[in-house]
Amino acid sequence: MLKKVRTFREEALIAKEHYRTYVEGFESELLRGISTVTILQIIQQHPQTGLYGYQIIKTLESETKNLLIVEEGTIYPLLRKMEKDGVLKSEKKEIDGRIRKYYQLTAEGQKLLNHMTGFFSRLLEAMAPLMEYKITLPKDKYIYCPNCANKIKLDEITKFCDVCGLYIEDLK
Amino acid sequence: MAIESENEKIVKEFLRAVENKLPFWLRNNKKEVEEILEELQNHIWDKATEIAGKREVTEKELTQAIQQMGEPEEIAKEYKRRGKPKVYVTEELFPLYTRVLIITLVAQFFLNVIGAFFNIGTGVAGRRFFSGLTISATITIILITLLFVYLSLEGYYPEDLQTLSSRLPTLFQKKQTSTEKTSTDKAKRELTSIEEEPKVKILSESSTNVKPVSRVEKQPTIPQSNEIKEKPKRVVRYREYSGKQTISNGIFELFVGIAMMILVFLPVFEFISQPTYYPLNWWLFAYGGTIVTTGIIKILKSIIGRIVRPQQGLMFLKVFPIAVKIPLLLVLLQSVLGFGPYTTQVLNVFELLVEKLNVLFDFNWTFDPNIGLTVLKVIVYFHIVVNSLKIFSEFIGILRLEFQGFPIREKEIIEYR
């Protein structure tokens with residue numbers, strides 16, 4: 001993130017407060033949505049035990065090779081909001097004398113995550129020609145709902161999209 | 001031991017700073033605040049332990065961990081991020097905003113009708129009515145809109161202003177309870193809104209030639225402690241801060257006071273300031289001013305939240321506008337410090353009221369000054385007693401804060417640990 005980037009020369013673009021603020025604002029807006037998807041994705045990987053805030057941050061750092069870093073204090077408001085919204089559920093457990101709040105996805109949260117990841121994947125794919133990179137979606141494992149971009153496992157026994165209700169049997 | 005307590009002090013200071021920056025609707029829920037702070041505290045210790053490695057955690061590591069947490073303002077700001085923007089007032093607050101606006105405008109309409117009633121026979125009743133309504137409505141719309149924009153920015157939901165909502169007539173109340181009654185409804189509302197995000201237009205694709213694959217579950221990538229001890233659920237007595245009504249009362253009083261201060265200077269209420277009936281408008285203006293001041297103090301009290309000394313300071317300050325009301329009321333009956341008495345002026349307004357009723361409804365009532373004076377005395381003495389009790393209750397409140405802490409109520413909840 002640009003927030004943590006040093007400036008080496010006076011004539012550098014981000015040495016000017018105006019441009020630094022502009023780019024920081026852009027990154028912050030972009031990362032907000034991405035952080036939500038990524039955090040949910042990390043929590044999804046631990047369906048049985050769940051994860052507590054600090055574990056989520058550490059996993060996020062290691063999985064994204066320290067590129068996607070959320071301001072540590074801001075992850076808790078985000079988790080709390082998602083819990084209030086019914087996306088996450090939590091359970092308190094005491095470990096080594098400390099009470100930890102372990103977060104897990106709810107059934108609705110799982111469906112929302114499928115939609116978010118599907119949407120995000122399709123977005124990246126659509127943007128690829130513009131950004132000059134290549135992206136291959138795992139279409140041998142998933143289909144993406146043509147109506148809402150929901151990501152659906154091919155082996156899932158369902159005739160309708162969980163999110164928008166579109167009939168998808170023919171697409172499989 | 002000394003190092004430990006110093007370390008704890010550093011963490012507590014940071015947590016207190018975060019707590020003080022939290023919005024009032026959240027600070028009000030003590031249990032929730034405790035949970036939030038507990039999570040942050042655990043995070044700081046985890047981070048500090050990681051930084052220290054095999055060494056003992058010192059002030060240096062804790063300070064570093066706290067720095068990485070971010071500024072208390074930034075953390076608190078994230079908790080305010082609630083509600084979907086709709087113009088400048090959030091979608092959640094919009095129904096309450098429109099209700100408050102409609103009710104206030106209706107009230108102003110009737111107040112102006114009352115004012116116009118006193119202008120009957122002057123030939124300018126209609127003109128004064130419409131000019132009064134236009135001016136008061138414009139000021140009201142501006143003030144209410146500004147207030148709701150502020151509440152939206154602070155992340156308030158209608159349920160955080162319960163008392164204000166409950167003051168509104170049932171007719172308007174029903175609408176709100178049908179959409180905002182439970183947290184489940186709120187969650188459903190949020191979920192629906194997410195699903196209603198703009199649809200993505202993707203060209204249909206052929207995926208008929210792909211074969212299903214078996215499901216592969218990803219294994220946990222970070223070590224989990226095996227020493228997870230789960231405590232059975234237990235019922236605990238939980239102390240909850242009951243200061244939620246303060247902001248609603250403050251907003252309510254602010255509007256009442258401002259309406260009083262504005263209306264008495266509008267042409268439609270000119271009869272109050274006419275030389276024939278003596279200038280009562282300044283008295284009403286001063287009385288409205290005391291209501292506005294207590295309203296502002298109540299709003300400040302709710303913004304400050306559970307900090308003892310500033311709360312006590314504001315409670316002490318609140319005594320002054322209430323105390324000012326007593327001589328203001330007395331001046332209606334007798335002279336106070338060279339001002340008044342305004343008895344004749346009030347009785348003249350009473351007489352005018354009877355006169356206009358006779359004209360309008362063809363009555364044949366005669367105004368009796370003795371009855372008028374008795375009515376005035378009852379009103380004045382009743383309000384003096386009420387305000388004296390209010391002052392007494394403020395001082396009791398200050399002492400209670402000193403010795404018992406914040407006004408709290410206890411309730412039993414089931415806690416899962």
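A salt bridge is taken here as a side-chain nitrogen of Lys or Arg within 4 Å of a carboxyl oxygen of Asp or Glu.

**Conventions.** I note that this is a predicted model, in which local features need pLDDT of at least 70 and side-chain atom pairs count only at pLDDT 80 or more, while totals for chains, interfaces and linings use all residues. Residues are numbered from 1 along each chain as its sequence is written, chains are lettered from A and ligands numbered from 1 in the order in which they are written, and side-chain values use heavy atoms, with hydrogens and water left out.

**Salt bridges.** I counted 24 salt bridges over all chains. I then looked up a network of them, which links A:Glu83, A:Lys92, A:Lys101, B:Lys31 and B:Glu35. In the pair B:Glu35 and A:Lys101, the closest N and O atoms are 3.2 Å apart. This pair joins two chains, because B:Glu35 lies in helix 3 of chain B and A:Lys101 in strand 2 of chain A. Helices (H or I, at least four residues) and strands (E, at least two) are DSSP runs, numbered from the N terminus. A:Lys101 is buried at 10% relative accessibility; buried means under 20% relative accessible area, exposed over 50%, and partly exposed in between (1.4 Å probe, protein chains only).

I next examined B:Asp46 and A:Arg100, whose side chains form a salt bridge at 2.5 Å, N to O. B:Asp46 belongs to helix 3 of chain B and A:Arg100 to strand 2 of chain A, so this pair joins two chains. B:Asp46 is buried at 12% relative accessible area, and A:Arg100 is buried at 9%.

**Helix 2 of chain A.** I recorded that eight of the 11 residues in this helix (residues 53–63) are buried. Among them are A:Tyr54, A:Ile56 and A:Leu60. The buried residues pack against helix 1 (17–44), helix 3 (75–84) and strand 2 (98–105) of chain A, together with helix 3 (30–52) of chain B; contact means heavy atoms within 4.5 Å.

**B:Leu15.** I located B:Leu15 in helix 1 (residues 2–21) of chain B. B:Leu15 counts as buried at 7% relative accessibility. Leaving aside residues up to four places away in sequence, B:Leu15 touches B:Leu37, B:Leu40 and B:Gln41.
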